[in-house]
Amino acid sequence: MSTLIGRRLILAVVTLFIVSLIVFMGVEALPGDTATAYLGQSATPESLASLREEFGLNAPVHQRYLDWLGGVVKGDLGESMSKRKPVADLIGNRFRNTLVLATAAALIGIPLAIVLGVIAGLTRDKWPDVFVSTTSIMGMTLPGFVTATILIYFFAIRLEWFPAITLVPSDVPVLELLPNIVLPIITLTLIMVAHILRLVRTNMIDVLTSDYIQMAKLKGVPYWSMVFKHALPNAMLPTINVVALTLAWLLGGVAIIETVFNYPGIGQLMITGITDRDFALVQGIAIILAVIYIALNLIADVLSMILNPKLRTARGH
Amino acid sequence: MSDCLVDVNDLTIGYYTQRKKLVHVLMGVNLQIKPGETLGLVGESGCGKSTLGQAMMGYLRSGSQVLGGSVFFGEHNVFSLNSKQLESIRGRQIALIPQNAGDSLTPTLRVGKQILEAIELNANLSGSEAKDRMIELLGQVRLPHPEVMGERYPHELSGGQQQRAVIAMALAAEPEMLILDEPTTGLDVTTQAHILNLLRDIVSEMGTAMMYISHDLGVIARVSDRVALMYAGEIIEDTDVVEMFRMPAHPYARGLLESIPRLSLSGIPNSMPGQPPIPGTEPGCSFAPRCKFTSDICISEQPELEAIQGTEHHVRCHNWEQVLATDFSQELEQVFRTISRAAHDESAIELSEVAITYYRPGITDRFRSESEPPATVSDITLSVKRGETLALVGESGSGKTTIVRTLAGLLPAKDGTIKFEDFDLSVEVDKRPREICKDIQLIFQNPDASLNPRQNVAEILDQPLKLYFPKMNRDERRDRQIELLERVRLDGRYRLRYPGQMSGGEKQRVAIARAFAADPEVVLCDEVTSALDVSVQAAVLDLLADLQQERHTTYIFIAHDLAVVKAIADRVAVLYQGRLCELGTVDEIYSPPFHPYTETLLGAILVPDPDHEPQLLASDTPELAPPATGCSFQRRCPYTLGEICEQEIPPWQKTASRGDHSIRCHISIEELKRMYKDKELIRLDHNEHLENEPQIVHANSNVSISSPEADDR
């Protein structure tokens with residue numbers, strides 16, 4: 001199994017390299033460059049030239065790519081032109097904020113989805129299942145910004161329980177951030193619960209009709225013991241990858257939700273970066289997102305291998 | 001009826017379809033089982049056997065309901081118990097051994113843990129006591145290295161080992177009654193014979209009652225004291241095992257017994273036309289539409305299950321007296337139809353020194369110095385004559401399917417040549433010219449899986465026609481489809497049916513028609529009858545024989561059922577671990593001298609005759625890979641000579657100066673002949689002694705027991 005993990009790690013590095021190339025080339029292909037974007041209307045040929053000189057934009061593409069890649073490997077994501085600060089510094093606090101929001105949403109949303117999915121699977125086609133399934137589908141179909149707006153209307157404007165939008169700067173201590181994340185968490189949970197729930201429900205139903213569950217029942221295993229020992233572990237296995245994708249989605253900063261709530265996270269930063277044509281910033285965030293997705297998928301694969309005896313004990317391959 | 005352990009009284013079970021239509025599964029079933037008795041429950045698929053077995057444990061499939069009657073287990077009416085009470089009976093007093101052990105073990109739990117769970121729930125033991133009992137149980141079902149086996153996950157055991165583990169689980173609390181639902185279906189003959197012996201031993205030791213559900217009459221004859229025959233949700237005959245096999249009184253019982261290929265009779269058995277109706281849809285006797293004794297009363301009035309002249313022989317038939325008027329053994333001999341053999345002298349396919357391997361070195365493997373594992377199939381030299389049927393026999397893992405896959409072009413040969421009409425078949429199908437592809441067609445084991453469920457029969461048959469006969473226009477193809485369907489004895493109207501609308505036998509006929517649509521020279525039949533009921537199997541065998549006579553088609557026929565092989569084949573090749581052991585005509589293979597492996601296989605066959613007893617020669621320990629040197633059968637051979645068998649590949653020996661019968665063994669032909677004669681004498685002397693103690697000769701007990709999966713890739 002260790003060779004398999006090793007192989008996956010090498011593959012992950014290769015993937016990252018390709019992603020970095022695509023990101024760099026993609027951003028490079030956009031019309032205009034940072035200098036024109038930065039100077040805007042006030043651009044004169046001289047000022048453009050001097051700015052390009054300053055940021056090394058005149059060097060050939062492969063040179064700039066290698067420089068940038070070298071920096072990335074060392075943890076230096078370059079300099080943001082619009083903010084005149086190192087990209088790493090800009091991302092730092094924003095990423096922390098997204099991390100706080102994502103962790104909180106994941107801690108509430110994922111267990112909730114699993115529990116509801118199991119309940120729905122066990123009570124297939126009876127009222128708890130119908131209720132849970134319909135509600136979750138509604139939560140998923142409503143666009144995030146609509147849910148967010150409704151929530152703001154009731155909880156922020158009518159009841160005044162939570163702030164409508166975040167007004168604190170991005171570098172406040174985590175504790176001051178907390179009141180601001182309640183409404184975003186509810187919104188994110190509503191969006192993500194349905195995916196995981198539907199999958200857990202389907203797997204649970206599949207497993208419950210399997211021969212080994214019938215065998216467990218006919219062996220005299222009590223109901224809940226049957227559910228937790230025989231059914232749940234098997235129903236959960238295929239869920240791991242979807243959970244990982246959901247986590248990656250959360251950690252990537254859900255731009256729309258962050259924008260609606262004016263939450264100082266990485267998603268919002270990315271939007272700013274794009275509107276400002278701040279190429280270094282966009283490239284930096286894209287690379288971080290790629291690392292998150294690849295790492296979480298790798299973890300999910302390894303985890304499902306460890307938890308699935310069939311994969312764990314397989315030789316070769 | 002206080003002396004009964006299980007008393008099923010007028011039990012009717014059914015379910016409602018989505019359109020609120022009632023469908024019966026069981027119709028007024030009456031059945032009693034006494035303590036310590038073994039009842040065999042037989043019938044074709046879909047007649048309600050499993051439903052009855054599960055109902056005895058108070059279990060109904062979701063959606064099903066009891067419409068009438070009762071099931072008493074001891075003094076409990078199982079359908080009036082609450083779930084707590086049911087849990088306390090299940091596993092403790094009545095336990096199930098299911099059909100597919102592999103699917104019935106929870107994949108994420110270790111085998112030992114699952115048995116431990118049964119012990120803790122039902123036998124009131126805990127901690128180290130329970131653990132000791134678990135090891136004891138695993139030993140009792142004769143699993144090698146019980147401590148190691150307990151630590152394994154279900155998928156790490158072979159099919160036979162999984163079945164043993166499930167038996168151990170059922171025996172945890174020493175229940176009074178075991179329900180066995182086809183527990184050996186899908187296992188090799190040798191493994192099956194071993195498991196049945198084990199069950200018989202355990203049952204006679206502990207006095208457990210058993211209800212043994214099976215469609216295999218050979219198995220039923222071996223294990224049962226009494227046999228109940230089911231048809232369309234009803235019990236139609238219930239009697240002592242000897243009566244059932246010697247003097248069956250129901251026309252269906254006779255039809256079923258007559259449709260089994262037998263080792264003692266040559267030729268193809270009789271087939272029974274038609275298929276069982278949905279229970280409760282016939283106004284009279286449910287078998288009337290298929291019965292040759294049908295009279296007016298059969299169509300208008302349902303027969304009752306009545307005792308024959310005050311004996312314990314019960315039958316549900318208006319005309320049983322008429323049925324019993326003919327002696328069954330005479331009737332049996334008359335129904336077998338011998339087929340005239342029409343093999344040409346020229347070869348259709350010639351294999352010489354063919355080796356096939358699944359081993360594909362990966363990128364990293366090339367840098368390692370590990371040597372390549374022995375090829376899955378190796379050193380196959382044989383020729384198949386035009387118009388003959390060559391059967392490949394052997395246990396699972398013997399390379400039968402591998403060879404057929406290579407002939408079909410799904411897998412390239414590693415070494416050797418396969419000559420077919422001046423063309424070398426050792427390459428894959430995409431490197432073969434179209435005419436060669438047309439001439440070699442394949443029929444698969446399971447028509448459910450080999451027919452596309454979204455295509456109707458016309459579309460299925462159209463594909464080979466379009467591919468191989470591009471000049472045919474639509475009308476010609478349509479006519480050809482109808483002609484093909486008629487040749488497989490289906491009505492032309494079947495063109496518009498989808499696979500889901502046909503029975504198993506009809507689907508297999510469509511699959512046969514598809515193979516013959518290409519007008520092939522050679523047809524490869526991979527276990528084509530093993531997914532079918534016996535009554536249908538006979539019809540398919542008959543059809544294949546007829547088609548061969550008409551067209552002089554060459555068949556390469558794979559089957560694990562040696563009686564089927566005897567019925568249809570001209571010549572037989574016995575394979576073990578991808579190596580040939582014996583080659584000869586049917587008569588030569590089925591009579592001495594035998595290769596030790598052939599003798600093992602033939603000894604393990606279960607015959608539908610309650611007096612027959614299988615001879616267990618070699619152990620049934622599965623092997624994962626062929627040995628690197630020497631004879632392929634060395635590790636399980638009961639007569640191994642030691643070093644020479646381990647080191648040197650045995651030579652081919654001809655058994656007679658004329659003919660092609662050859663055996664590949666280090667033991668000389670004279671010695672093999674003599675050994676067999678001696679054993680016959682011992683067999684006659686010690687018949688009773690052997691009954692309880694099968695003579696298992698372990699050639700080499702430290703055979704590897706690691707994961708059976710390894711060999712599959």
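## Domains 2 and 3 of chain B

In this predicted model, the C-alpha centres of domain 2 of chain B and domain 3 of chain B are 34 Å apart. The domain assignment, with bounds from an automatic or database source, places domain 2 of chain B at 231–335 and domain 3 at 347–360 + 375–572. Sixteen residues of domain 2 of chain B and 15 residues of domain 3 of chain B form the contact (heavy atoms within 4.5 Å).

## Composition of the interface

The two domains of chain B bury about 1100 Å² between them, with 66% of it on carbon and sulfur atoms; buried area is the accessible area (1.4 Å probe) that two parts lose on being put together, summed over both. On the side of domain 2 of chain B, Pro261(B), Leu263(B) and Ile268(B) lose the most area to domain 3 of chain B, together 47% of what that side buries.

Between these domains the count of salt bridges is zero (a side-chain nitrogen of Lys or Arg within 4 Å of a carboxyl oxygen of Asp or Glu).

## Leu190(A)

Leu190(A) belongs to helix α8 of chain A, residues 174–208 (a DSSP run of H or I, at least four residues). With a relative accessible area of 36%, Leu190(A) is partly exposed, that is, between buried (under 20%) and exposed (over 50%), using a 1.4 Å probe and protein chains only. Leu190(A) touches Gly139(A), Met140(A) and Thr147(A), leaving aside residues up to four places away in sequence.

## Basis of the values

Residues are numbered from 1 along each chain as its sequence is written, and chains are lettered from A and ligands numbered from 1 in the order in which they are written. Local features need pLDDT of at least 70 and side-chain atom pairs count only at pLDDT 80 or more, while totals for chains, interfaces and linings use all residues; side-chain values use heavy atoms, with hydrogens and water left out.

Definitions and conventions: Helix = DSSP H or I, 4+ residues; strand = E, 2+ residues; numbered from the N terminus.
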